Amino acid sequence: AQWRDDFWEIGASHMRIGEEFNPEAGFVPREGVHKTAGQFGITQRPRGSIPWVREFNPQVEVEYITNTEDLLETRTMEADFSTEFNDASFFRIGYERTFERLEEDFEIRDGINIPMGDYSWDEFSFFYRSDSSRKLSGSASVSSGGFWGGDRTQYRGGIQFQPNYKFAAELNLTRNLVDLPGGDFTVDLVGLNSNYSFSKRMFLSALIQYNSEEREMISNVRYNFMYKPLSDIYVVYNERRDMDTNEVKDRAITLKFTYVLPL
């Protein structure tokens, strides 16, 4: 095999969002903040010394968020070590240190409140994914650590089925076990995602997800037809259903049409 030389990757950014900012053309999750982020990583390829490994990727990321008065609100420091194998499978082990400052109480669940104050916790995670180019592949992960003054353990698993280049379906299951001073709870998410390509210009995709916390089933079906380059027709169906009463809470059909004018 021919290996490229090892290389280093360094990145940094700084962003300021004022209190009066109005994100009419997009989505910004927080206002009135300074956000500084940095990343350092190394990609190392063993050049045949370890024949079953394609590359190693150790990486460190830091994100620092303050308000406009430079008071720290959020800080995350993450270090992970990932390995890509020659059979196209992937493994990652990670560690994350988080700090959050709450300026007011918030209710994370009915009857369970997180009091205002400063919180910091550590979390460890493991992730593995098999070769996703095969007809049948899978992934699994587990993470465990602190969570808003308590503890949280998360388990995730997924199975992907791709019999040909036109159709793919993926089933994902996630379980969160949360232990807080105000109470314990468990949340399960089950999602089914599928895609079908009628041609290079016509696609149909569907996402169905069940949330045990809300006892809801959410469905999203999208049809996309590219009738000319950079011009599309979308038909989207959304539904939110209460699984206890089988009542439809929300239902909508959206039609979107784009057309590029010639210059």
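User: Is Pro58 buried, exposed or partly exposed, and at what relative accessible area?

Analyst: Pro58 is found in strand 3, residues 53-67; strands are DSSP runs of E of at least two residues, helices are runs of H or I of at least four, and both are numbered from the N terminus. Buried means under 20% relative accessible area, exposed over 50%, and partly exposed in between, with a 1.4 Å probe and protein chains only. Pro58 therefore counts as partly exposed, with a relative accessible area of 28%.

User: What pLDDT must side-chain atom pairs have to count here?

Analyst: Residues are numbered from 1 along each chain as its sequence is written, and side-chain values use heavy atoms, with hydrogens and water left out. This is a predicted model, in which totals for chains, interfaces and linings use all residues, local features need pLDDT of at least 70, and side-chain atom pairs count only at pLDDT 80 or more.

User: How far apart in space are the C-alpha atoms of Pro58 and Ser82?

Analyst: Leaving out residues up to four places away in sequence, Pro58 touches Phe40, Gly41, Ile42, Asp80 and Phe81, where contact means heavy atoms within 4.5 Å. Pro58 and Ser82 are 24 residues apart in sequence, and their C-alpha to C-alpha distance is 6.3 Å.

User: How many helices and strands does the protein chain have?

Analyst: Of the contacts in the protein chain with a separation of 6 or more, 39% are between residues 24 or more positions apart. The secondary structure consists of 0 helices and 16 strands.

User: What percentage of the residues in the protein chain is buried?

Analyst: The accessible surface of the protein chain is about 17,300 Å², with 55% of it belonging to carbon and sulfur atoms; such areas come from the Shrake-Rupley method with a 1.4 Å probe, and for residues only the protein chains shown count as cover. Among the 263 residues of the protein chain, the buried share is 28%.

User: Which strand gives the largest share of the lining of the largest pocket?

Analyst: A pocket is an open set of points on a 1 Å grid over the protein atoms alone, with protein on both sides within 12 Å along at least five of seven lines, whereas a cavity is a set where a 1.4 Å probe fits but cannot get out; lining residues have an atom within 4 Å of a point. The largest pocket holds about 460 Å³ of space, and of its 30 lining residues the closest to the centre are Arg92, Phe126, Phe127, Ser141 and Arg156. Elements giving two or more residues to this lining include strand 4 (72-85), strand 5 (90-102) and strand 8 (117-129). The largest share, 7 residues, comes from strand 9.

User: How many residues make up the largest nonpolar core?

Analyst: A nonpolar core is a set of buried Ala, Val, Leu, Ile, Met, Phe, Trp, Tyr and Cys residues joined through side-chain atoms within 4.5 Å. The largest one includes Leu102, Ile114, Trp121, Trp148 and Phe185, and its total is 11 residues.

User: Is Ser137 buried or exposed, and at what relative accessible area?

Analyst: Ser137 lies in strand 9. Not counting residues up to four places away in sequence, Ser137 touches Ser130, Asp131, Ser132, Gly158, Ile159 and Gln160. Ser137 is buried, with a relative accessible area of 8%.

User: What distance separates the C-alpha atoms of Thr83 and Arg54?

Analyst: Thr83 is found in strand 4 and is buried, with a relative accessible area of 7%. Beyond four places in sequence, Thr83 touches Val53, Glu55, Phe56, Ser89, Phe90 and Phe91. Thr83 and Arg54 are 29 residues apart along the chain, and the distance between their C-alpha atoms is 7.7 Å.

User: What is the relative accessibility of Phe91?

Analyst: Phe91 is found in strand 5. Beyond four places in sequence, residues touched by Phe91 include Thr83, Phe85, Phe126 and Phe127. Phe91 counts as partly exposed, with a relative accessibility of 30%.

User: What is the phi of Asp70, in degrees?

Analyst: Most residues other than glycine have a negative phi. Asp70 lies in the loop between strand 3 and strand 4 and is exposed, with a relative accessible area of 55%. Asp70 is a residue other than glycine with a positive phi, near 65 degrees.

Conventions. Grid points are joined across faces, edges and corners, and a volume is the space filled by probe spheres set on the points.
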